[in-house]
Amino acid sequence: MGTLTLKKAEYCLWLGRYTERVYTELREFFAAYDVSLDTDRLDFARFCRACDIEDNSDKKLPGEFLYDLLYDRNSPASVCYAAHAAVGNVMLLRPELSTQTMSYVELALSDLRKSKDQQLRLLRHRSVCDDLLAFWGALENGEASPSVKALVFLGKYLERVDLFARFEKDREEFASPLLKVGFYLACVPDNEHLPVDEWISQVAADVEQHGYADEARCMTTLTARVRNPTEGVDSTTELSLAAGAISCVGAGTAPITADVISAMRVDVA
Amino acid sequence: MQDSIVTKLGLSRLIEHRDDINRDLARDGVRFGVYKGGEFHEQIFPYDPIPRVIGAQEFEKLSAGLIQRLRALNAFLRDIYSEKQIIQDGVIPEDFIYSSAGYLPQVNGVTPPGGVYAHIAGEDLVQATDGTWYVLEDNLRIPSGASYPLIVRSITRRVAPDVYSRNDVVDNRDYADLLRSTMAYCSCLGTPVILTPGRYNAAFFEHSFLAEKTGATLAYPGDLAVEGAQLYFADYAGERHKVGVVYRRISDEYLDPFCFNPDSLIGVPNLMAAYRAGNVAIVNAPGNGVADDKGIYYFVPQMIHYYLAEQPLLKNAPTYLPFYEEDRAYVLDHLDTLVIKDVAEAGGYGVVFGSSLDAEGLAELRHRLEIEPRRFIAQEVVNFRDLPCVDAAGKPCRRMADLRAFVLTGATTRVWASGLTRFSNVPGSMIVNSSQGGGFKDTWVLLH
């Protein structure tokens, strides 16, 4: 892991989490907004449940509520807060990531700031998502160490699982991010020295609290299997086992095959 | 005149795309922090597209003067932390050494690895209207600013690719190599580290950028530990990596709570023990503050005579020490035409132009000079050259500007063929510090 300290490992994890939070929240916002164009109703309550915020939509104009959700710098539930937190983490990792790679996160925050104009908002939000996709692509494509890459993506998919639970996604949508959590965890060298149990259990508790007990259990089982592989069993096999575990979650989920796993493998070396 | 410079150098594309360049700088996270009212704010350091241009011959002369100055300053530091011959020979009064906040008795008798004290010097210069260069300050502790012209050049080369070869501009992107070799020269075998106090330091961008460019590990408080008089960096698996050299971006007083300020939370306990044992190099050496004290600045030309037996190639700004009775009398008589500097301040703070004070202000300053003469220096106001700039509205203007030249000492002493040109954003103002709202320019050194 080169000279990556525990503190930097945590910056990586939280960078992954916050970038994913911006991305998924914006996508959820757009999806809900898109529905509202036809129904003339935006499901504020769902956002409040997802973000653990008080539903005071009846006390605010819809525009104000949305503005706060997107741009209130002081609210930990806002997209803007997550974007600032992502920048706060990425700037600490410049030498590990490179200026070029980190610049996409700075760009995402800059584009988010420019998106306050109501007429251009949805278009600009797309730029923010593009910036984050570029960041993840640049990270994967760049020369960051395998540990850094794996930790950022571990955080990203942990956050995705968490947000999927918060946004009440269908159960089958969890399979892919859960598998990626396992995959990227397996890619973190010497991960037994990291507080992985703490990271995972926090998210698992959150996921369970939002009504996804099976997915929470699957996440902890998968983590345990990746971290404590049976002797002589390589991580690919472990991932197959994990995939099997995931495929058992929820009726109607298509089994995840070794081909799927193989297709999902990302070269982090 | 500005039009002719723009045309001659072919700068129109840089001017036209100034806002794009500033946006790219923001995207790359180029900023600096300032504390206002006890709160931390991050600001963009505005870039001006018209560079300062230094011809090859002029740079050669300037380099010779700066190298000479650094040779003398390094000799002074070596002497002052060993024999103190310069005091015994009456060249510098001992009051100026022992009352300097930068003098650290804790490093008496310690010879740094490689024998170099001032590895990276930031020399602040201004050019008078007659073309004469004056040194205003020697910054030998943790001078910052090299990263700004370094990163902007990588951006502007995309905006105006042909302008550098057409004008025969020396490529300044070797700064990381210079820094790396400077650190390697004094390294005590081990990994190189840049030690930062963290993201709320004004120059954090620079710390992280230089770590990226040199390949050194960026270490935060708590990442380093001393064991058995060796400095180590521990990764998350608990593996220890021996550190050979620390380019510290933390002030002396906070470096080691067991040696200096016991309240420091950002230092490395026992770092000085490892340093004294010769097991790790610290860049720049602790204790250098005694040589960049504004009071000691007065004596640098004498140091050049004393240690090198040479005539100074570069001038100091005409300076008076109120500590000396004769100088004090002159200063008190000419207070309204001089600039007074508090030796304990930096960053443009504690600088008072006598001409800006009313009778009451002058009387108050006079009183302070009389009761604390060692605390101040007085300088003649150098009418330095203003440089062509582009104002916020895109209109041509002229602004006062200085130059911070970077002098790096390892196996040899070299002046980086570039530098940070800072300009004031207030017409006519001579305060160019970034913390006071100024901007920066690239500094071009020409090949011919």
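**Figure 1. R375(B) is a partly exposed residue.** Let us start with R375(B), whose relative accessibility of 28% makes it partly exposed; that label covers values between buried, under 20% relative accessible area, and exposed, over 50%, with a 1.4 Å probe and protein chains only. R375(B) forms a salt bridge with E372(B), and their closest N and O atoms are 3.4 Å apart. A salt bridge here is a side-chain nitrogen of Lys or Arg within 4 Å of a carboxyl oxygen of Asp or Glu. E372(B) is partly exposed too, with a relative accessible area of 32%. Please keep in mind that this is a predicted model, where local features need pLDDT of at least 70, side-chain atom pairs count only at pLDDT 80 or more, and totals for chains, interfaces and linings use all residues. Residues are numbered from 1 along each chain as its sequence is written, chains are lettered from A and ligands numbered from 1 in the order in which they are written, and side-chain values use heavy atoms, with hydrogens and water left out.

**Figure 2. A salt bridge joins R160(A) and E20(A).** Side chains of opposite charge can pair when their charged atoms come close. For R160(A) and E20(A), the closest N and O atoms of the salt bridge are 2.8 Å apart. R160(A) lies in helix α8 of chain A and E20(A) in helix α1 of chain A, so this pair ties together parts 140 residues apart in sequence. Helices (H or I, at least four residues) and strands (E, at least two) are DSSP runs, numbered from the N terminus. R160(A) is buried, at 18% relative accessible area, and E20(A) is buried at 0%. Helix α1 of chain A also holds T24(A), a buried residue with a relative accessible area of 4%. Leaving out residues up to four places away in sequence, T24(A) touches R160(A) and L163(A); such contact means heavy atoms within 4.5 Å.

**Figure 3. R69(B) meets E123(B) in a salt bridge.** What is the N to O distance between these side chains? It is 3.6 Å for R69(B) and E123(B). The pair links distant parts of the chain, with R69(B) in helix α4 (residues 56–80) of chain B and E123(B) in strand β4 (residues 120–127) of chain B, 54 residues apart. Both partners are buried: R69(B) has a relative accessible area of 1%, and E123(B) has 0%. Over all chains, the structure holds 43 salt bridges.

**Figure 4. L77(B) sits in helix α4 of chain B.** Is L77(B) buried or exposed? With a relative accessible area of 0%, L77(B) is buried. L77(B) and A291(B) are 214 residues apart in sequence, yet their C-alpha atoms are 6.8 Å apart in space. Setting aside neighbours within four places in sequence, L77(B) is in contact with residues including Y117(B), L140(B), G287(B) and A291(B).

**Figure 5. Nonpolar side chains gather in cores.** In soluble globular proteins, nonpolar side chains tend to be buried together. A nonpolar core is a set of buried Ala, Val, Leu, Ile, Met, Phe, Trp, Tyr and Cys residues joined through side-chain atoms within 4.5 Å. The largest one here has 136 residues, and those with the most contacts inside it are F135(A), L158(A), M219(A), L14(B), L25(B) and Y175(B). Helix α8 (residues 146–166) of chain A gives the largest share of this core, 12 residues. Not counting residues up to four places away in sequence, L14(B) touches I21(B), Y47(B), Y164(B) and W444(B), among others. A second, separate core of 77 residues includes L70(B), V193(B), I250(B) and L321(B).

**Figure 6. Chain A and chain B share an interface.** How many residues does each chain bring to the contact? Chain A gives 27 residues and chain B gives 25. Between them the chains bury about 2300 Å², 57% of it on carbon and sulfur atoms; buried area is the accessible area (1.4 Å probe) that two parts lose on being put together, summed over both. In chain A, T3(A), M91(A) and R94(A) lose the most area to chain B, together 25% of what that side buries. The rule finds 2 salt bridges across this interface. The side chains of E106(A) and R31(B) meet in a salt bridge with an N to O distance of 2.7 Å.
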